[in-house]
Amino acid sequence: MTLKIYKSLESGPLQELSLKTLEKGAWINIVSPTPYELKVVSNLTEVEPDFLRSALDNEERSHIDVEDNSIMVLTNLPVMRGPEMYDTLPLAIILTSEHIITVCLEDTPVISEFNQQISNNFRTFKKTRFLLQILYKSATYYLRYLRQIDKLSDEIEIRLRDSLQNREILRLLELQKGLTYFNASLRSNAAVLDKLMRIRLNHTVQGIIKVYEEDEDLLEDVIIENKQAREMGDMYSTILSRMADTFSSIMSNNLNLVMRFLTAVTIILAIPTAISGFFGMNVAIPFSDDPMGFIYVSVLAIFLAGCCAIFLWRRNMF
């Protein structure tokens, strides 16, 4: 659990506060909170408890909720679970007339980048711009991870061309799974941005959301970045799907080739077996009294097997 409160000073640096010294224009960042902490924050900021709890549901989709004194923007952030494992995580960004609150289940790179080192690039008291900067940072991380997925898929494709191993197929499926999460989240995030474009002109929320000319440009940049991420996600998803289908067909074809080869070998080996069976019967047979009988039978078996092999080879059975 982490509960941090920051406020930007006019000179740029962040000032860390506590719940007891909470001031107007502060940013309250909550990670994996307890019910008690949510209740305390709700009482201090007069924010609906449901707004604070909304991001604690890992399956929550992106949306916007508006109340009389606050607006909750829930977006899905991209996260890495491992070297080749990608997922999304809900983040609630709540704006009131005095504060901005972020609630998430985990500490994510998107929020972590808003720290003392880059404090000159954002202001906690400029709540609308700060909201858009978080959404923009989220879109850039989607693009970053999508490029990583593209590079990993190229690497897997090269390996699969040399050898069809189950490990590479499983890696491909893991990337497809991550892309599915990304595409679903990017679509719902796009709906949030569209609604944000509409409600920014609503007079009832202008006391909470104040959009200036620079903010309009930033909002357009966020929409463009999110659209680009959606297009990249759809393209990479199609590529991975077709790649998986292609290599599945290759594996099936290789299996057919192996079965055809084994069938041909079985037919060829059946000829000497049949001949040896005929001449091994306990009855009167040709060459039974001839000292060279074994050699004659062996030559006959080899000759017939060779003829069969040539016939099958001409029929592309090998």
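The model is a predicted one.

Start with helices α4 and α5. Helix α4 spans residues 127–162, and helix α5 spans residues 166–199. Their axes lie 10 Å apart and meet at an angle of about 155°. Angles over 145 degrees count as roughly antiparallel, so α4 is roughly antiparallel to α5. The crossing of this pair is left-handed. Sorted by class, the contact of α4 with α5 holds 18 nonpolar residues, three polar ones and four charged ones.

Next comes the pair α5 and α6. Here the axes are 9 Å apart, and the packing angle is about 155°. That makes α5 roughly antiparallel to α6. The crossing of α5 and α6 is left-handed. Their contact divides into 18 nonpolar, seven polar and three charged residues.

Is Asn 226 buried or exposed? Its relative accessibility is 5%, so Asn 226 counts as buried. Beyond residues up to four places away in sequence, Asn 226 touches Ala 139, Leu 186, Asn 189, Ala 190 and Leu 193.

Now follow α6 to helix α7, which covers residues 293–314. The axes of α6 and α7 come within 9 Å and cross at roughly 155°. Helix α6 is therefore roughly antiparallel to α7. The crossing of α6 and α7 is right-handed. On the α6 side, the contact is made by Ala 264, Ile 267, Ile 268, Ile 271, Pro 272, Ile 275 and Phe 279. On the α7 side, the residues are Val 297, Leu 300, Ala 301, Leu 304, Ala 305, Cys 308, Ala 309 and Leu 312. By class, this contact has 15 nonpolar residues, no polar ones and no charged ones.

Turn to the nonpolar cores. In soluble globular proteins, nonpolar side chains tend to be buried together. The largest nonpolar core in this model has 52 residues. Which residues have the most contacts inside it? They are Ile 93, Ile 134, Leu 135 and Leu 196. Helix α4 supplies the largest share, 14 residues.

Leu 135 shows how the contacts run. Leaving aside neighbours within four places in sequence, Leu 135 is in contact with Thr 75, Ile 93, Leu 193, Leu 196 and Val 222. Another core lies apart from the largest one. This other core has 18 residues, among them Ile 5, Ile 30, Met 72 and Val 103.

Strand β1, residues 2–8, holds Leu 3. With 24% relative accessibility, Leu 3 counts as partly exposed. Its contacts, leaving aside neighbours within four places in sequence, are Leu 19, Ile 28, Asn 29, Ile 30, Glu 37 and Val 41. Leu 3 and Val 103 are 100 residues apart in sequence, yet 9.4 Å separates them in space, C-alpha to C-alpha.

Lys 127 gives another pairing of sequence and space. Lys 127 sits in helix α4. Its relative accessibility of 13% means that Lys 127 counts as buried. Lys 127 and Val 265 are 138 residues apart along the chain. Their C-alpha atoms are separated by 76 Å.

Most residues other than glycine have a negative phi. Ser 32 is not a glycine, but has a positive phi of about 45°. Where is Ser 32 placed? Ser 32 is in the loop between β3 (27–31) and α1 (35–45). With a relative accessible area of 33%, Ser 32 is partly exposed.

Glu 46 also has a positive phi, near 60°. Glu 46 lies in the loop between α1 and α2 (49–53). At 58% relative accessibility, Glu 46 counts as exposed.

How values were computed. Residues are numbered from 1 along each chain as its sequence is written. This is a predicted model: local features need pLDDT of at least 70, side-chain atom pairs count only at pLDDT 80 or more; totals for chains, interfaces and linings use all residues. Side-chain values use heavy atoms; hydrogens and water are left out. Axes are lines fitted to C-alpha atoms, for helices over the stretch in contact, and angles run from 0 to 180 degrees between N-to-C directions. Helices (H or I, at least four residues) and strands (E, at least two) are DSSP runs, numbered from the N terminus. Angles under 35 degrees count as roughly parallel, over 145 as roughly antiparallel, 65 to 115 as roughly perpendicular and the rest as oblique. A crossing is left-handed if the near helix is turned anticlockwise from the far one by less than a right angle, and right-handed if clockwise. Ala, Val, Leu, Ile, Met, Phe, Trp, Tyr, Cys and Pro count as nonpolar, Asp, Glu, Lys and Arg as charged, and the others, Gly among them, as polar. A nonpolar core is a set of buried Ala, Val, Leu, Ile, Met, Phe, Trp, Tyr and Cys residues joined through side-chain atoms within 4.5 Å. Buried means under 20% relative accessible area, exposed over 50%, partly exposed in between (1.4 Å probe, protein chains only). Contact means heavy atoms within 4.5 Å.
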